[in-house]
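Subject: Structure handover and notes

Dear colleague,

Please find the structure below, handed over for your own work.

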Amino acid sequence: MRARNGLWEAEIACGLPGRLLEKARAEGIGILLARAPEEGRVVLRVRGRDRERLRTLCERFGLAVLRMEPLGRWRRALRLALPALAGFAAGCVCLLLLTGRVWSVEARCPEGGDPRELLAAMEEMGVTAGSTVPEPDALARRLEAACPRFGHISVRVTGVTLLAEGYPLREPPELYELGSERDLVARCDAVVGEITVRAGRAAVRRGDVVRRGQTLILGEERAWDGETRGVGALGEVRGTVYGYGEAEAPLLGEERRFTGRVSTESWLCLFGWEWPIARGGELGPAEETEESLPVGGMFLPLAVRRSVRREYETVPAPLDETAVRSQLEARALSRALAELPSGAEMIDKWEEYSMMEETSLRLRVCVEAGVSLAVTRGEIGSGER
């Protein structure tokens, strides 16, 4: 039953395929597909109910049926799915090739340095575009050994990209070198606050006023046998510093007030030429406006240019005191902050206004800030504030 209702394919020895197709259609045989693989042969595809009628037709005209076999549904589905299966297999192969290799090798130095040194080292190790994916931690350790200028190197693989990041080797700050004898001194004038001594001996107390360069922590300690020996002073001293700023601004400005006197002048203009038609009078300081009035229509570019001058006088006028105070505060505070040493953090501020002959306002600002005071004498000599 399945073969009767399915599709059949017949290969027939025929010299005139066109005549055979005409006879088959005349007999009512439905030809679904016809192709000639070679001369003298034709392959026809018909439904199961037409296969016997096609065989009878071939016997009537003496044509040999070389092959007649059913086409199963699985074969037809396989033929239809074959291109998709081939594409899927090709994609899998490409995916395996891509994921097993790196196709982009990059290097960065976020905190300074030359990334070309890292790229050159990886190239010498065979890590280039198209190479197999290396083990990131092992490659990072090999790069640190090959590039001693970097203190730390990290490697990570994202997709098909390998990224190496190098961080330069930094010398430890001199403040923590305990092998050399030295004192810690004040970096600026300040009032001493909190004192934390880790090595050495405090030379000041809380509330003392110290000057720039004055010793804060002595680089000496008393040993177990009672003798005093030199050490590298270590600790932190917080202090309070003050910055002052002044600014002054007038409370009176100028305002224009029109006197009511007006002067008008007119000129007749044509093709760039001007003829005066009205003269104005003499005025003091004046505000001038001009207008052009066309009088010739669209065919004649004739116009009258008129200038109107309105006389005014300048008189003093009070300014907005709120705006003046806001401007003074910004200027004075900026000058006060500029006097503070680097790294200072503002704690509080005070403002003092004073009137100067009722025509101007002066503001004096005092800023209180906290700062870390303890530095080495070498840092003092380098000019750091």
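This is a predicted model: local features need pLDDT of at least 70, side-chain atom pairs count only at pLDDT 80 or more; totals for chains, interfaces and linings use all residues.

Residues are numbered from 1 along each chain as its sequence is written, and side-chain values use heavy atoms, with hydrogens and water left out.

Confidence and overall make-up

The pLDDT (the predictor's confidence in each residue, from 0 to 100) averages 82 over the chain, and 86% of the residues score at least 70. Confidence is lowest in helix 1 (residues 2–5), with a mean of 49, and highest in strand 11 (residues 209–210), at 92. Over residues 174–179 the pLDDT is below 50, although this stretch has 15 contacts in the model beyond near neighbours in sequence, a contact meaning heavy atoms within 4.5 Å.

The chain has 8 helices and 22 strands, these being DSSP runs numbered from the N terminus (helices H or I, at least four residues; strands E, at least two). Of its 385 residues, 30% count as buried; here buried means under 20% relative accessible area, exposed means over 50%, and partly exposed lies in between, with a 1.4 Å probe and protein chains only. The chain exposes about 24,800 Å², of which carbon and sulfur atoms supply 52%, with areas taken from the Shrake-Rupley method with a 1.4 Å probe and, for residues, only the protein chains shown counted as cover. Among contacts between residues at least 6 apart in sequence, 63% join residues at least 24 apart.

Strand pairing

Two strands are taken to pair if DSSP finds at least two bridges between them. By that criterion, an open sheet of 4 strands has the order 10-12-8-22, with antiparallel pairing. Strand 10 (201–202) and strand 22 (374–376) stand at the edges with a single partner strand each, so one side of each is left without a neighbour in the sheet. Strand 10 pairs with strand 12 (residues 215–218) in the antiparallel sense over 2 bridges, and alanine 202 stands opposite isoleucine 217 in strand 12.

Elsewhere, strand 16 (residues 252–270) and strand 17 (residues 273–278) run antiparallel and are joined by 5 bridges, with tryptophan 267 opposite proline 276 in strand 17.

Two contrasting loop residues

Phenylalanine 271 is placed in the loop between strand 16 and strand 17; this hairpin has 2 residues between the strands, and phenylalanine 271 takes a positive phi near 50 degrees there. Phenylalanine 271 is exposed, with a relative accessible area of 63%, and, together with Trp273, Trp275 and Leu300, makes a nonpolar surface patch of about 520 Å². Patches are made of residues with over 30% relative accessible area and no salt bridge, like charges being joined within 9 Å and nonpolar side chains (Val, Leu, Ile, Met, Phe, Trp, Tyr) within 5 Å.

Leucine 373, by contrast, is buried, with a relative accessible area of 0%, and lies in the loop between strand 21 (360–372) and strand 22. Not counting residues up to four places away in sequence, leucine 373 touches a set of residues including Val185, Cys188, Leu216 and Val237. The C-alpha atoms of leucine 373 and glycine 213 are separated by 9.9 Å, although the two are 160 residues apart along the chain.

Salt bridges

A salt bridge is a side-chain nitrogen of Lys or Arg within 4 Å of a carboxyl oxygen of Asp or Glu, and by this rule the count comes to 27. In one of them, the side chains of arginine 60 and glutamate 27 meet at 3.1 Å, N to O. Arginine 60 lies in helix 3 (residues 51–60) and glutamate 27 in the loop between helix 2 (17–26) and strand 2 (31–35), so the pair ties together parts that are 33 residues apart in sequence. Arginine 60 is exposed at 52% relative accessible area, while glutamate 27 is partly exposed at 35%.

Arginine 53 and aspartate 50 form another salt bridge (3.5 Å, N to O), in which arginine 53 is partly exposed at 39%, whereas aspartate 50 counts as buried at 4%. Salt bridges that share partners also join Glu9, Glu11, Glu38, Arg41, Arg45, Arg67 and Glu69 into one network.

With best regards
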